[in-house]
Amino acid sequence: MEAAIILVFVFGYLAITMEHSIKIDKLIPALVMMAICWALIALGLDGFTQWFDSANHSLMENFGGLPLNDVLDESGHVVTSGKMSLMENTLLHHLGKTCEILVFLLGAMTIVEIIDYFDGFSTIKDFIKTKKKSKILWIFAILAFILSAIIDNLTATIVLISILQKIVKDRSVRIWYAGLIIIAANAGGAWSPIGDVTTTMLWIGKKVSTGHLVGYLLLPSFLCMAVPTFIASFLPAFRGDLDVEEVVEKPKSKFSGKMLYLGLGAIVFVPIFKMVTHLPPYVGMMLSLAVVAIFAEIYSNAKFSMTDHDSEESEAAAHHSPVHHSLSKIELPSILFFLGILMAVAALESLGILFNFAGSLQDSMPMLGTEIHPGGHEGVSDLVVLLLGVGSAVIDNVPLVAASLGMFHEPMDNELWHFIAYSAGTGGSMLIIGSAAGVVAMGMEKIDFFWYLKKIAWLALIGFLVGAVAFMFTRTLF
């Protein structure tokens, strides 16, 4: 039965990676894979001899000798927990951990959509005062690096490419900027607990803390962005001045700037809230969302009161709250994809498959640059983590990190988790399909896969390797 479950996972994974070829949204194979994997576990539960205890991060002893169902005494109390009961508790445990991530993402996405509802991101365009191509490149790269750490790399890429489309007429020039924005956004998302889904997973999973994540990864991530940007600034595509398109736009709302700073501040507040209260991050995100929503409703009502009540715009404002509008705009398919893939990986973890695979992988890899950790055990090979980063360029980094959570069991803030956060977050830049930022840029600008491979991939590889070397140096300071 284990072989059948692994095959289901492999075929589901292939369907996800070939999403654009088979024309089936990746959330569909993810959900199918999740359901079938757990169904096969339930049907073959009595035949399994091992089970992974997620709470204690170890294989259960004598799982094969347990009865299928609970054994009760005469008064109806459980004497021995059966395999079915353990499976249900494990499924509930993984669903709870997954929902922590999903609720957190729902809150963050909604805040971003509320900012966009008030056209808050148009404020960023005011930062661009030059026509020199290389300077504009640095402005966009730094903005992508900072914004992605606050509003996540996917959203930062959408915002910046949307701005880029308004000021750069020549698409052949624009796609070069888009390529560097992808690298910068992925690098910026790696050092922030709210900058990328994978770092959010590690943060909520109590593998990394905010302070150590920033301390370990800020310099490597910055170099991962800065080195490719520096090299690119000398390329022919970024020489000379840019023909900036002057676009006559409708006047911005007077609340645009306020909502931008309020929304970004509310998201940044979440890690602070967690450090002070020690509550899960999604609680702080829901509080931030509530505060932003209050001001959104107030500003929306104020805007309505200042307009002509007979106009269509006023009528629409009267019937549609900004919060409801923003909730209707969030990427629900992404949320369902994360649910499917995380719960499918949890199925492999529960059977101990990932635990055993991690041991086999570690035994077959040389120990490059690792140290003896407290407790006398050797760490995970740097080569393993670098390969994980390269792998994230080919396949989605979310299941890779989810798998690593089940494969490795180092303590919180161990250097391994921070290196995984860096590798999985930035390695995807090497192919345009390797990250959510790359995929959305590919769709917005119709960037060709092989153009990116030829023009941008080598820059991303250099940045990835420079950052990795910087991390290996930085970790010696902790």
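**A salt bridge and its setting**

Modeller: This is a predicted model. Start with the whole chain. Buried residues make up 52% of its 478 residues. The secondary structure comes to 21 helices and four strands. Take the contacts between residues at least 6 apart in sequence: 74% of them join residues at least 24 apart.

Now the part you asked about. The structure holds one salt bridge. Its partners are the side chains of Arg-174 and Glu-445, at 2.8 Å from N to O. This pair links distant parts of the chain, 271 residues apart. Arg-174 sits in helix 7, residues 171-190. Glu-445 belongs to helix 19, residues 436-445. Why can such a pair form? Side chains of opposite charge can pair when their charged atoms come close.

Are the two partners buried or exposed? Buried means under 20% relative accessible area. Arg-174 has 12% relative accessibility, so Arg-174 counts as buried. Glu-445 has 3%, so Glu-445 counts as buried too.

Next, the aromatic rings. The count comes to 15 aromatic pairs. One of them joins Tyr-422 and Phe-464, with ring centres 5.9 Å apart and planes at 10°, so this pair is stacked. Planes under 30 degrees apart count as stacked. Tyr-422 lies in helix 18 (residues 415-427) and Phe-464 in helix 21 (residues 457-474), so the pair ties together parts 42 residues apart in sequence. Tyr-422 is buried, at 0% relative accessibility. Phe-464 is buried as well, at 1%.

Ring pairs also build a cluster. Its members are Phe-140, Trp-176, Tyr-177, Phe-238 and Trp-451.

One nonpolar patch covers about 920 Å². Its residues include Ile-6, Leu-7, Val-10, Phe-11 and Leu-14. Helix 1 (2-17) and helix 3 (27-43) are the elements that give two or more residues to this patch. Helix 1 gives the most, with five residues. Ile-6 has its place in helix 1. Ile-6 has a relative accessible area of 35%, so Ile-6 is partly exposed.

Technical notes
Residues numbered from 1 in each chain as written. Predicted model: local features only at pLDDT ≥ 70, side-chain atom pairs only at ≥ 80, totals over all residues. Heavy atoms only, no water. Buried < 20%, exposed > 50% of the residue type's maximum accessible area, 1.4 Å probe, protein only. Contact = heavy atoms within 4.5 Å. Salt bridge = Lys/Arg side-chain N within 4 Å of Asp/Glu carboxyl O. Patch = residues over 30% accessible without salt bridge, like charges linked within 9 Å, V, L, I, M, F, W, Y side chains within 5 Å. Areas by Shrake-Rupley, 256 points an atom, 1.4 Å probe, with all protein chains shown as cover. Phe/Tyr/Trp six-rings, centres within 6.5 Å; stacked < 30°, edge-to-face > 60°.
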